[in-house]
Amino acid sequence: MAMEMVVTSGAKATLLTEAAAAHPEEACGLLLGQGGVISQALPARNVHSDPWRHFEIDPAVLIAAHRAARQGGLQVLGYYHSHPTGLTNPSATDQAAASGDGRIWAIVAGGTIGWWRDAPGGFEPLPLGLVAS
């Protein structure tokens with residue numbers, strides 16, 4: 001049985017703000033927290049050569065976050081990106097990039113957020129609770 005996940009209002013607000021600020025390009029970053037709580041959305045530079053239609057999280061941000069987690073910091077629970085002209089569902093490109101590692105993906109589109117688990121059989125919708133930060 002999957003652990004119930006919650007996201008802080010501060011992390012959710014960061015996702016929406018970053019997606020709006022990056023528009024018309026895709027925003028991206030990391031979802032950090034402990035256990036079943038996403039407490040921080042860490043923005044990263046989108047280093048993809050076509051940032052209007054794809055995203056690639058800056059490797060330096062990813063490496064630093066994993067290093068901090070190994071030293072007792074917040075864990076990398078997943079990733080986020082935006083679909084500036086799309087939906088909150090995973091795109092065909094998202095499906096192709098998925099690894100089935102169980103991490104959380106948040107997809108921001110149209111001022112809303114879709115939450116997904118990157119499951120071995122493909123993306124699964126992930127209902128989340130919201131807690132104040």
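Predicted model: local features only at pLDDT ≥ 70, side-chain atom pairs only at ≥ 80, totals over all residues.

Reader: Fine. How do the residues lining the largest pocket divide by class?

Author: The lining has six nonpolar, eight polar and three charged residues.

Reader: And which residues lie nearest its centre?

Author: Those are E26, R53, H54, H83 and S91, out of 17 lining residues. The pocket's volume is about 260 Å³.

Reader: Which helix gives the most to that lining?

Author: Helix α3, residues 92-97, with three residues.

Reader: OK, what about the second largest pocket, how much space lies in there?

Author: About 190 Å³. Its lining has eight nonpolar residues, one polar and three charged. Among the residues that line this second pocket are F55, I57, L62, Y79 and W105, along with D101 and D118.

Reader: Switching to strands. Do β2 and β3 run parallel or antiparallel?

Author: Antiparallel, with seven bridges joining β2 (residues 28-34) to β3. Q34 stands opposite V37 of β3.

Reader: Which residue in that hairpin takes a positive phi?

Author: G35, with phi near 55°; the hairpin has two residues between the strands.

Reader: And in which sense does β1 pair with β3?

Author: β1 (residues 5-8) and β3 (residues 37-44) pair in the parallel sense, over two bridges. V7 has I38 in β3 as its bridge partner.

How values were computed
Residues numbered from 1 in each chain as written. Heavy atoms only, no water. 1 Å grid on protein atoms, 1.4 Å probe; cavity = no way out; pocket = protein on both sides within 12 Å on 5 of 7 lines; lining within 4 Å. Points joined across faces, edges and corners; volume = space filled by probe spheres on them. Helix = DSSP H or I, 4+ residues; strand = E, 2+ residues; numbered from the N terminus. Nonpolar A, V, L, I, M, F, W, Y, C, P; charged D, E, K, R; others polar. Pairing = 2+ DSSP bridges.
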